[in-house]
Amino acid sequence: MAGNALTSSSSSRPFSPAVDARSINLGLAAIAFISPQNHPILVRAVSGSQEDLLKYHYLAHTSLDVIDERIAAASKAPIESYLGFLYALEDVAVYGYITPLKLKIVIILTLSDAVVRDADVISIFKALHWAYYRAAANPLLKLHTPLDTPNDHILVVGSPEWVSFRKRVDEVARAAGALPVDSAS
Amino acid sequence: MSTQRVLVTYSAPQSFISSDQWKQLYDALLGQLPLRNIHWKPQTRPSIRTIQELELQLVALDTIRDENTSQVPCSLLERPLLNIYVVICEDSDAYKATARKQIKDWQASLSHRKNQEWIIVHVVRSDARNVSTNFFQMKGNVLDKIKAEFNTDKRDRCVQLAWPLAQDNPAAWAELLSKVKDGLLSAFDTAVSQRDDEVRRSEGQQSMPGWNFCTFFILKESLAASFEGMNLFEDALRYYDELEMSFAHVLREKNLSWFGTLIIPGAKDDSLPLLSITKKPYRDLIVANTVSVFDLRIYILAKQCGLLGKIGKVADVCRKVAMFLTSFGRHLREVSVILPPYFIESWTYSSALSAIEQADFWARNVKLEGIVLNQFNACKAELLELARNQVWLLPCSGHMVADRIQLDLFGIQLGLLPSRPPFSMSSPGVPALPVDAKRESRIISNSELLKCSADQTAFYDLYTKLTNRAIDTYVKAGRRKFALRLHGSLAALDVRQDRMTSALQTYSSLPAHYAPHGWTSLESYMLSQAINVYALSGTDKDKQWINIALAYLKLCSGATSSESLTHQENSTTYITEVVDSLKVAVDKLNEPFSYPEHPALSIRLLDEIVVPAEDEDGYFLFVSVLNLLSCPLPASKICVSLSGRESEQLRFCTQVKLIEPGTSTFKLFCPSSSWGTYILDQTEVTMSNLHLKWNHRPATMKSVQASRTKRFVPTLVRILKDVRAFGVCLRQPRSVEFGPGMSSRLFWPFLLLTGPPGVTFRFQESTVDGDATSASLECATDSISIADLAEDSQISVLIPHSDASAYDTMQITMLATYNTRKDAAVNRSLLQSSRVPASLPIAVNVQDFFRGERLFSRFTISASAQNYICVSSATLESVQGDKGGLSIFDTLVQMREIVVQIEAYLEQNVEALDDYPQHDPDRSRLIAQTIRALESDSDWVAHRGITDELRVPTLDKEGAQNKILTLIGEMLTKGKLAGAKSGSWREIRIQVDVPILAAVRLRLIPTLFSANSESSDQMPPLYAGQPIPALLSIKTSFHWGKRQHASRKSYQMRFDIQEMVRDWLISGRKRGDFEAEDESTYTVAITLIALHHGELSLPKVVAHQVHGAEKVLILPRGGRSTFIVGMGEGLSVE
């Protein structure tokens, strides 16, 4: 389902002819989901070695600062979901996205000289948001959790739901990693 | 191409220019500059641009050279936009003769200049002007003539300036200035649109052969420069952005035919300030088509940043630089072969630092605050960090190589330091190069870095300095999490430099920052690093280490362990190591160390009912221990504490060696014979000196929130009574009875009683009650002990206690410690509390009736508690003894509570059952069950009262015993309880005495006699309304008074007939005094009239002593009086 969302959104994406000639590989390295209360939900390295996982955890954690900064800067105007490029560190670039319910999604791209188009990144974010939404929409998730636990931490790490959520995220990552250029447009 | 000002030329007749007046005029004109608030409505663009301020450069026309010689397109401002001619001619004739010609010449010289505007300024003397506005002057003035002659189109390009009026009056300049503005804008507008067209044309030719990017660049840049000159920075920036885009586009197409190389490294390229556009002759290079991609991109960046700096977006400058350095640095790695070793690192380092300096310089002119300042700081910090990372990648001298590799491995593990060690520069797609393969001939030029590569201390210093600077800036920017990360990396460096203390301090303080939001991965990583630091430094594992290790194990336990980042492949091994060293560290501890609520272990009770151990006094409790760690945990002891109603504690313990991962079951023993319902209080796992504790009930009930699911539910444990074990029970009359001593194992009981406050036991006066047994009693001041209590025997001990009348019941806690012969070493205990009623179970009330010399007494014996009482006998005994001559009696009641009676009866009769010999342990259980059955239903009481039969309510108990119970029930029904007189009856002796009268006691016998007859048996009828004569006689007797008072002969008494106004009218002496003497009668005659018919009671007569209750009137104290006079009066307004 997530993949469908991705392709449907990408089909409407305009491409300049120059980009059309080449396939885009954004170099998606890691994906992180962070709860509204800043708890990590999932930090997943999708390409590259697992050794970098710690680094991705760090990146996800530090990106919270930048996201807060952005939200504070845009406190007066209604903030857009897509926060755009957050910061670069060493050889990666961090992009952020915040859902209306303040769930934060962070993706980490390997830095390259190529221009990263926002439209591509947004489509990945939308697919990821959709994946989370699908995974969290399960009403049985809260079956055994106490009533007064914070509402945001539904996807308990390690639970079976979490595994299925991880699968969905991986699906998105696969689609984004081999994102085909839409020659139709 | 430096920033240019807008050029404006002036010219005037030679004679005028050389005059002083011109100089004054020129200075005054300069004083009006710069131009302000210019609104430009461009033809090619939709919106109006506003130029706040524009500097003009006034030059003489003849100094301008015709520069058409150069083919290179230059800024539109290179040539003047406006030409001004100043005419000073007030005479039409003079105008015709000379001025006109001069203007024409001037105009002709301008004709070949494109895109230039002109203005003719006619300077008039203000006084002359007034004269010239002569109504009769038919020729018109000079200005009109000039206008008529030179204004070719609709625009009016001629303006008059009154002089020297304008010297003081700014308004006089208005017309001239607005004309200047108009002229400038129109010239600029035309020029821009023309140049725009050229650029567009060139852009369209991109795909054509021979198109040169540099040419295009210069062309387009000239436009940008023009906008910059006009102070339209945003527009200029847009041009540069477009240039960057198209350059990137060109690069992507690899159409680099006009670029020699990506980079031609210069000698100092790596250390030059990045944002300086003067460090190299960039423009010439571009024009000459020899510029490298490196230089060109730097040039574009520098221009962009310069413009951003001018409009105050310094944060964007830093952001852009950081982006550029990282992305272009990667690009450069593709050609690192031709670069000096570590050129890229040096370049990035120097550039980042110089960019920060430059940005700070620009920021001085801008007022930054709030979020913008934060962003600026954040971007600066990012740059600093970038520079810092470059230092890490530097070359290093020989002895440092191995060191660095090691550190780097450490660093990679950390993920804090750059993951590209200098020796395996593994940027994707670029083969790693050994250092030696690089050209050593040239070296980098940054002296700081050169020093670092030679000197390890300098290296560390620089690295630390930069990191600290970055941390500070991050903190200023409010990016706490970034700062934390850098702190972590500093700690890693400290480890390498053997500064273990500071490393440890950092590592042990960092987890607290990651814990609150559940970043367990990072937290556990920090903890594991702290553990590693201990291992590396070889310091003794102290309490802090234990804390760290326990915190680490906390994170390792359970589901989160799958997210752990350390030692992923062999996490179990690592955890085992930690656990093992924990064991060692704990062994070395001198004092106990307790740690609450560790989640790695959890202890659960398997069964809520605890059954006694079969062959000894004590209980077994089964618990399941869940170990969430992936390795076995060495432990020495598992303990579970239960807490009873009186907060007495039972401790179940067992010795263990290992707690395996997963669930394991243990059997815990408690050498106690206490029983009842207990609450699970605390569980504890001991590992030599370490005590892991779990509290199972909240400290205060208030802390429990009113939530549906988090409500505290205590775990209740029921411990069944072991009838064969040692037992103690308390009975009234405050005797302690040991029994029903089933325990064959009793050896040396030691008993301690604690009563309620205020009640003390006099242990030393305690005596053995009842039959003498083999046991001997030893009394100490605060306890008693009984030696050699035989098996299956019971001993009753009487322990007197102090007055407890303040309590209805006494709560007495009994603590008995004892050993059994079998296991003399095990100290067993029994803690039990029971309530003993302090009041008597019965009460005796006596009611006395005095009749002359006779006394009638009624004795009532009643149960004072809610118990049925059996009374065996009650006797009244006279006690001899003279107490004022009156008798004292003892009431002796033999009684017992009915339950006790039935119990005793059962004891006898069940014993009689052959199937149940005395030693059978079931016997007492059967009795207890029967009693319980009786307690459950009280119907049998009434039945028994009538028939003396005991009908036991139906017992629906478990099958095997049911039969026996039924049998008992039948037996009880048949047997008469009345026969069960034997057994122990309690005797209660209560002294009752005949009331002793303190004074003379009078009996008043008021008697009514009929009028005519002395005898009362023939009473004539009485009618309502008729007067009835009556006689009141008072007889006094001193018989029950004390003998001592008998000597006194008489008392003054007063009688009082109480009026009953609804029944009787009384006539006669209603009140009177009389002398009361022993055996005397006093008589008064009165007359009564009944007010209505019916049965009426006679009026009451009361007698009392005369001075018994007299009344006196007490007046209020009148010493002082306060009067308030005339309040509110006499107020008048004067």
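Two strands pair if DSSP finds at least two bridges between them. Strands (E, at least two residues) and helices (H or I, at least four) are DSSP runs, numbered from the N terminus. This is a predicted model, in which local features need pLDDT of at least 70, side-chain atom pairs count only at pLDDT 80 or more, and totals for chains, interfaces and linings use all residues. Residues are numbered from 1 along each chain as its sequence is written, chains are lettered from A and ligands numbered from 1 in the order in which they are written, and side-chain values use heavy atoms, with hydrogens and water left out.

Begin in chain A, with strand β5 (residues 104-110). On one hand, β5(A) pairs with strand β1 (residues 28-34) of chain A, in the antiparallel sense, over six bridges. Within that pairing, A:L28 has A:L109 of β5(A) as its bridge partner. On the other hand, β5(A) pairs with strand β4 (residues 92-98) of chain A, again antiparallel, over seven bridges. Here A:A93 stands opposite A:L109 in β5(A). The hairpin of β4(A) and β5(A) has five residues between the strands, and A:K102 takes a positive phi near 70 degrees in that hairpin.

How much of β5(A) is buried? Six of its seven residues are, so the strand is mostly covered. Buried means under 20% relative accessible area, exposed over 50%, and partly exposed in between, with a 1.4 Å probe and protein chains only.

Now move to chain B. An open sheet of three strands runs in the order β34-β38-β36 (chain B), with antiparallel pairing. Which strands stand at its edges? They are β34 (1027-1036) and β36 (1064-1068) of chain B. Each has a single partner strand, so one side of each is left without a neighbour in the sheet. From one strand to the next, the twist averages 35 degrees. That angle is taken between N-to-C directions, from 0 to 180 degrees, with axes as lines fitted to C-alpha atoms (for helices, over the stretch in contact). β36(B) and strand β38 (residues 1080-1090) of chain B are joined by five bridges in the antiparallel sense. B:S1067 stands opposite B:T1087 in β38(B).

Another open sheet of three strands in chain B has the order β37-β35-β39, and its pairing is antiparallel. Its edge strands, β37 (1071-1077) and β39 (1101-1105) of chain B, each pair on one side only. The twist averages 30 degrees from one strand to the next. Strand β35 (residues 1050-1057) of chain B pairs with β39(B) in the antiparallel sense over five bridges. The bridge partner of B:M1053 in β39(B) is B:Q1105.

Finish with the cysteines. How many disulfides does a search of the whole structure find? One, over all chains. A disulfide is a pair of cysteine sulfur atoms within 2.5 Å. B:C639 and B:C653 form it, with their sulfur atoms 2.3 Å apart. The pair links distant parts of the chain, 14 residues apart: B:C639 lies in strand β13 (residues 637-643) of chain B, and B:C653 in strand β14 (residues 649-655) of chain B. The link of B:C639 and B:C653 is right-handed, with 110 degrees about the S-S bond. B:C639 is buried, at a relative accessible area of 1%.

B:C305 is buried, with a relative accessible area of 0%. B:C631 is also buried, at 1%.
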